[in-house]
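Hi,

Here is the structure I promised to pass on.

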Protein chains: 2
Amino acid sequence: MDRHFDEELQSLNEKLLRMARLVEESISLAVKSLTDRNEALAQEVLTREGPINLLDVDVDEECMRLLALRQPMASDLRFITAGMKIGSELERMGDLAVNIAEVTEDLLRVPPLKPLIDIPRMADLAQGMAKDALTAFIKRDEKLAREVCLRDDEVDSLNDQVFRELLTYMMEDPATINVAVGLILVGRHLERIADHATNIGEDVIFMVAGKTIKHHIEEIRRAAARTE
Amino acid sequence: MDRHFDEELQSLNEKLLRMARLVEESISLAVKSLTDRNEALAQEVLTREGPINLLDVDVDEECMRLLALRQPMASDLRFITAGMKIGSELERMGDLAVNIAEVTEDLLRVPPLKPLIDIPRMADLAQGMAKDALTAFIKRDEKLAREVCLRDDEVDSLNDQVFRELLTYMMEDPATINVAVGLILVGRHLERIADHATNIGEDVIFMVAGKTIKHHIEEIRRAAARTE
């Protein structure tokens, strides 16, 4: 392979990893800020938005440049288009960390509702998915990527549980409404972080295996063929 | 230009328009189902998820195929990569319409809180943005695309207003908690639909003008250059 092109792909890879690290840290700082009631950490998350956005645009422009100038084939093409998509997913995960930090700043102005148990558990799961999706990307590990996608249901059902529990709190004691609504939003944001991790998992599978698994597309296509 | 390639680009364009129409209808059915308290319309939204997902994967695979086989340059390359991105944005907007329909099904089981005013207004704004973003895509209209991006703030501030009003309702009358939380979620979903319309607007500007405007990137880069 052209050595210069190889270096360019390597540099794209490194940009994505730098972005991934910033996003992982943002998520983890945002959750820690909430659980430790530490506002400085929430502030820290906000300072990362700019650098993440800058990398998002850099990755995007670099992918466009490589597509235009190198006219890549097969696995290089799949790597570059996966890179574009993973960049967007990471940027959105970074936004969600900012959203969690913003809700947290409001929540820290009032006394806590109760010790948080399920939200940190959701956060652990979502962060674990994000971490593994990116490891799957780095190691081109299709098996790990598939495993990440399977974990999404667990986060969804934990979020439903958190949601129902917080509704009950509010109904029993309306003084908790403000805090409970804030925590419901945090739950949603974590659920969406897990969704983006799943999307990255799907992108990795496509990149490695050239197969689309999103939307359980094979079943949908078979069903569509039957009704035709 | 190669006539066959021209036809392929035309067919990609048509797929995106078909997808856009389905998504627009989904959003509008979901909101109508809520305002008219008509469950059949919510059900109708759910039946559109499959066809939208199918088109999403079709668009994606077609873009990959064109990138691999046609090795497009300049404006064709920008059209194809914008198509990939716009396809994802549309698919997410379709998901949000499904989310609104799901919340609506729950809300229709209990009496309404009050006549809805701000949520239909938000819905009109978000739908208008989606429609115009797609018109901008069809007509390659950079000016309209920029205008769509500017309207996002209006939806955000309307959503903040809806959120605060619903919090007040809940605090004054805890019996409204269930409905109010549902409406808060609908507000969020509409806000995110507007965000995706904004993303499409940004993709159109990039496609037409080759310029990235997302994240106000020019200001960020100038600021980054100053601190270096």
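Below is what turned up where the two chains meet.

First, the ground rules: this is a predicted model, so local features need pLDDT of at least 70 and side-chain atom pairs count only at pLDDT 80 or more, while totals for chains, interfaces and linings use all residues. Residues are numbered from 1 along each chain as its sequence is written, and chains are lettered from A, with ligands numbered from 1, in the order in which they are written.

On the interface, 27 residues of chain A are in contact with 26 residues of chain B (contact means C-beta atoms, placed from the backbone, within 7 Å). On the chain A side, the elements giving two or more residues are α2 (39-70), α3 (74-107), α6 (152-172), α7 (177-209) and α8 (217-227); helices here are DSSP runs of H or I with at least four residues, numbered from the N terminus. The largest share, 9 residues, comes from α2(A). By class, that side of chain A has 17 nonpolar, 7 polar and 3 charged residues (Ala, Val, Leu, Ile, Met, Phe, Trp, Tyr, Cys and Pro count as nonpolar, Asp, Glu, Lys and Arg as charged, the others, Gly among them, as polar).

How are the copies related? A rotation of 180° with 0.0 Å of shift along its axis puts chain A on chain B, RMSD 0.0 Å, which is the relation of a two-fold axis.

Cheers

Terms used. Two residues are in contact if their C-beta atoms, placed from the backbone, lie within 7 Å. Copies are superposed by least squares on the C-alpha atoms of residues with pLDDT of at least 70 in both.
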